[in-house]
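The sequence and the structure are shown first.

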Amino acid sequence: MTRDLISIKDLTAAEIHAVFLLTDQLKRNKARFRMALAGKTIALIFQKPSNRTRVSFEVGMFQLGGNSLYLAPNEINLGVRESITDAARTLSRYVDGIVLRTFEHKNCLEMAKASRVPVINGLSDYSHPCQALADLYTVKEKLKYFKGVTLAYVGDGNNVCNSLLFTCAKLGVNMNVGSPQGYEPDSAVLKEAEAMGKESGASVKLFHDAFAAVKGADVIYTDVWASMGQEDEARKRKEAFKDFQVNKELVRSAKDNALVMHCLPAHRGEEITDEVMESANSVVFDEAENRMHVQKAVLIKLLKG
């Protein structure tokens, strides 16, 4: 793999498949890897609060025989009390890897440039690579194949959508994006994903109608309408996205038994209904569990390299 994991764009399809193969092995035989990262330590630098990202990395690192050190927003006050470059240069003399959960994507790039050790993007405004890897691993686990699969993403063209576009395009999975006018993914991201898709045989399509995006899909994916930092837009976004809720009527437009996915946390009753979240189609919590397994594979690939 590349030295860091900042964006899915940096990975080849072969590298993604290698992560998935190792994830399979980690899930089948946890005991085999219990000392894989013995003596290794990662620093978790979080400017944003987290449930899944923090716990999955901490527990995953423990299961691999390593250690983790959580650094809350007020402990470093990254970029204010100390520059990102200075923090990276210092920390990388103490630890074997850094996970950064931040607001601006440029922070990840700056930290990776200055660090001596691998840097993993735990979330930025542009990219959420660990989430997308776990998502597509879950699709493979449930459907057993990628060829001919269509994933329909319904909602905001945000960081999760960006990473899904890149991952699907790399792996040959068709992706439909259904977003309201003005909330589509960045045009540059769409162009890059389309170019990747031409190499893998995957299509990338944009819709402004949720039902059109979901029609005949194998997977339906959604995320919150207002992410962290967008709370002041919540009312406006709720109105804009009212026709993009994943409910039983929308699910009926997809294939029978289509998977339903959500990266969590979910605002039940807004972007997705309770009925759909708790349906037999939902693999939301399998997907959440797979964050840990996939990240363990990423940690092994990066820290043992």
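Contact here means that heavy atoms lie within 4.5 Å. The model described below is predicted.

## Val-177 and its surroundings

Val-177 belongs to strand E6, which spans residues 174-178. The relative accessible area of Val-177 is 0%, so Val-177 is buried. Apart from neighbours within four places in sequence, Val-177 is in contact with Tyr-153, Cys-161, Leu-165, Pro-185, Lys-205, Leu-206, Phe-207 and Ala-213.

## Packing of H13 with H2

Two packed helices are described by the angle between their axes and the distance between the axes. For helix H2 (residues 52-63) and helix H13 (residues 284-303), the angle is about 55 degrees and the axes are 9 Å apart. H2 is therefore oblique to H13. The crossing of H2 past H13 is right-handed.

On the H2 side, the contact involves Arg-52, Thr-53, Ser-56, Phe-57, Val-59, Gly-60, Met-61 and Gln-63. These meet Ala-288, Arg-291, Met-292, Gln-295, Lys-296, Leu-299 and Leu-303 of H13. Sorted by class, the contact of H2 with H13 holds seven nonpolar, five polar and three charged residues.

## Packing of H13 with H1

Helix H1 (residues 13-28) also packs with H13, at an angle of about 115 degrees and with the axes 8 Å apart. H1 is therefore roughly perpendicular to H13. H1 and H13 cross in a right-handed manner.

H1 contributes Ala-18, Val-19, Leu-22, Thr-23, Leu-26 and Lys-27 to this contact. Their counterparts in H13 are Glu-289, Asn-290, His-293, Val-294, Lys-296, Ala-297, Val-298, Ile-300 and Lys-301. The contact of H1 with H13 comprises eight nonpolar, three polar and four charged residues.

## Nonpolar cores

In soluble globular proteins, nonpolar side chains tend to be buried together. The largest nonpolar core of this model has 60 residues, and the members that touch the most others are Phe-20, Leu-133, Leu-165, Met-175 and Leu-299. With residues up to four places away in sequence left out, Phe-20 touches Leu-133, Leu-136, Tyr-137, Lys-140, Phe-146 and Leu-171.

Leu-165 is in contact with Val-177, and Leu-299 takes part in the contact of H2 with H13.

Is Ser-115 buried or exposed? Ser-115 has a relative accessible area of 6%, under the 20% cut-off, and is therefore buried. Ser-115 sits in the loop between helix H5 (105-114) and strand E4 (119-123). Beyond residues up to four places away in sequence, Ser-115 touches Arg-3, Ala-88, Ser-92 and Ile-98. From Ser-115 to Arg-291, the separation is 176 residues in sequence and 24 Å in space, C-alpha to C-alpha.

Thr-150 lies in strand E5 (residues 150-154). The relative accessibility of Thr-150 is 13%, so Thr-150 counts as buried. Neighbours within four places in sequence aside, Thr-150 is in contact with Asn-174, Asn-176, Ala-217, Asp-218 and Val-219.

## Backbone features

Most residues other than glycine have a negative phi, and most peptide bonds are trans. Where is there a cis peptide bond? The bond from Leu-264 to Pro-265 is cis, with omega near 0 degrees. Pro-265 is located in the loop between strand E9 (259-262) and helix H12 (274-277).

Lys-144, although not a glycine, has a positive phi of about 75 degrees. Lys-144 is placed in the loop between helix H6 (129-143) and E5. With a relative accessible area of 67%, Lys-144 is exposed. Asn-257, likewise not a glycine, has a positive phi of about 65 degrees. Asn-257 lies in the loop between helix H11 (248-251) and E9, and Asn-257 is exposed, with a relative accessible area of 67%.

## Ala-212

Ala-212 is part of helix H9 (residues 210-214). The relative accessibility of Ala-212 is 33%, so Ala-212 counts as partly exposed. Ala-212 and Leu-264 are separated by 52 residues in sequence and by 24 Å in space, C-alpha to C-alpha.

Notes:
Residues numbered from 1 in each chain as written. Predicted model: local features only at pLDDT ≥ 70, side-chain atom pairs only at ≥ 80, totals over all residues. Heavy atoms only, no water. Axes fitted to C-alpha atoms, helices over the stretch in contact; angles between N-to-C directions. Helix = DSSP H or I, 4+ residues; strand = E, 2+ residues; numbered from the N terminus. Parallel < 35°, antiparallel > 145°, perpendicular 65-115°, else oblique. Left-handed = near helix turned anticlockwise from the far one by under 90°. Nonpolar A, V, L, I, M, F, W, Y, C, P; charged D, E, K, R; others polar. Core = buried A, V, L, I, M, F, W, Y, C linked by side-chain atoms within 4.5 Å. Buried < 20%, exposed > 50% of the residue type's maximum accessible area, 1.4 Å probe, protein only.
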